[in-house]
Amino acid sequence: MAQAAPKKRPFGATVLAILAGILAVLAGIHTLQALGIFPYVIGPIKLHSFSLWNALMWGIMVWIYIWLVQMLWRVEPAGWLFLAVISTFNLILDFVAMLGSSTWSDVSISFLVNLIVLVYVMLRACGGRSGR
């Protein structure tokens, strides 16, 4: 019996899956900070804080990002749209955090990775078929 040729994964889908994996790791670090395992670092000061609600929300974000990595790795078109929605949501949250008591150094990595992901997804969506 002849086997079908395996579906080739576009380079963009692989890059986005890796970036979503990085965002999952960042969300995992935030979960550990909310549980008081890792400290919050504000300049030279390190604070340990416990917030079950924040830990639950960041834990859900870890699950969402892992699910998203799987969707992108399997080249499901819904993964691209969902990644754009989640990245936009995280950019808004990072911006609101900067308006509050957070500084740029607190949210810079998350903000930059989400911005790169959103720009890439939108450029690919405007430039033609997603990921090809």
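Reader: Hi! Is Val75 buried or exposed?

Author: Hello! Val75 is buried, with a relative accessible area of 14%. Keep in mind that this is a predicted model.

Reader: Where is Val75 found?

Author: Val75 is in the loop between α2 and α3. Its phi is near 55°, which is a positive value in a residue other than glycine.

Reader: Okay, let me step back. How many helices and strands does the protein chain have?

Author: There are four helices and two strands in the protein chain. Starting at the N terminus, the elements run α-β-β-α-α-α.

Reader: And how much of the chain is buried?

Author: Of the 132 residues in the protein chain, 33% are buried.

Reader: Let's talk about helices, then. How do α1 and α2 pack?

Author: Helix α1 covers residues 11–34 and helix α2 covers residues 52–73. They pack at an angle of about 165°, and their axes are 8 Å apart. Angles over 145 degrees count as roughly antiparallel, so α1 and α2 are roughly antiparallel to each other.

Reader: Which hand does the crossing of α1 and α2 have, left or right?

Author: The crossing of α1 and α2 is left-handed. As for the residues of this contact, 17 are nonpolar, seven are polar and none are charged.

Reader: Thanks! What about α2 and α3, at what angle do they pack?

Author: For α2 and α3 the angle is about 150°, with the axes 9 Å apart. That makes α2 roughly antiparallel to α3. The crossing of α2 and α3 is left-handed.

Reader: Which residues make that contact?

Author: From α2, they include Met61, Ile64, Tyr65 and Trp67. On the α3 side, Trp80, Phe82, Leu83 and Asn90 are among them. The residues of the contact of α2 with α3 divide into twelve nonpolar, two polar and no charged.

Reader: New topic: how many residues are in the largest nonpolar core?

Author: The largest nonpolar core has 26 residues. Those with the most contacts inside this core are Leu16, Tyr65, Leu72, Leu83, Val117 and Val121.

Reader: Which elements give two or more residues to this core?

Author: Those are α1, α2, α3 (77–99) and α4 (104–127). The largest share, nine residues, comes from α1.

Reader: You listed Val121 there. What is Val121 in contact with?

Author: Setting aside its neighbours within four places in sequence, Val121 is in contact with Leu16, Trp80, Leu83 and Ala84.

Reader: Now the serines! Is Ser87 buried or exposed?

Author: Ser87 is buried, and its relative accessible area is 0%. You can find Ser87 in helix α3. Not counting residues up to four places away in sequence, Ser87 touches Asn114, Val117 and Leu118.

Reader: And where is Ser110?

Author: Ser110 lies in helix α4. With a relative accessible area of 14%, Ser110 is buried.

Reader: What does Ser110 touch?

Author: Leu26 and Asp94, again not counting residues up to four places away in sequence.

Reader: Last one: how many of the contacts in the chain link residues 24 or more positions apart?

Author: Among contacts with a separation of 6 or more in the protein chain, residues 24 or more positions apart account for 58%.

Key: Residues numbered from 1 in each chain as written. Predicted model: local features only at pLDDT ≥ 70, side-chain atom pairs only at ≥ 80, totals over all residues. Heavy atoms only, no water. Axes fitted to C-alpha atoms, helices over the stretch in contact; angles between N-to-C directions. Parallel < 35°, antiparallel > 145°, perpendicular 65-115°, else oblique. Left-handed = near helix turned anticlockwise from the far one by under 90°. Nonpolar A, V, L, I, M, F, W, Y, C, P; charged D, E, K, R; others polar. Core = buried A, V, L, I, M, F, W, Y, C linked by side-chain atoms within 4.5 Å. Buried < 20%, exposed > 50% of the residue type's maximum accessible area, 1.4 Å probe, protein only. Contact = heavy atoms within 4.5 Å.
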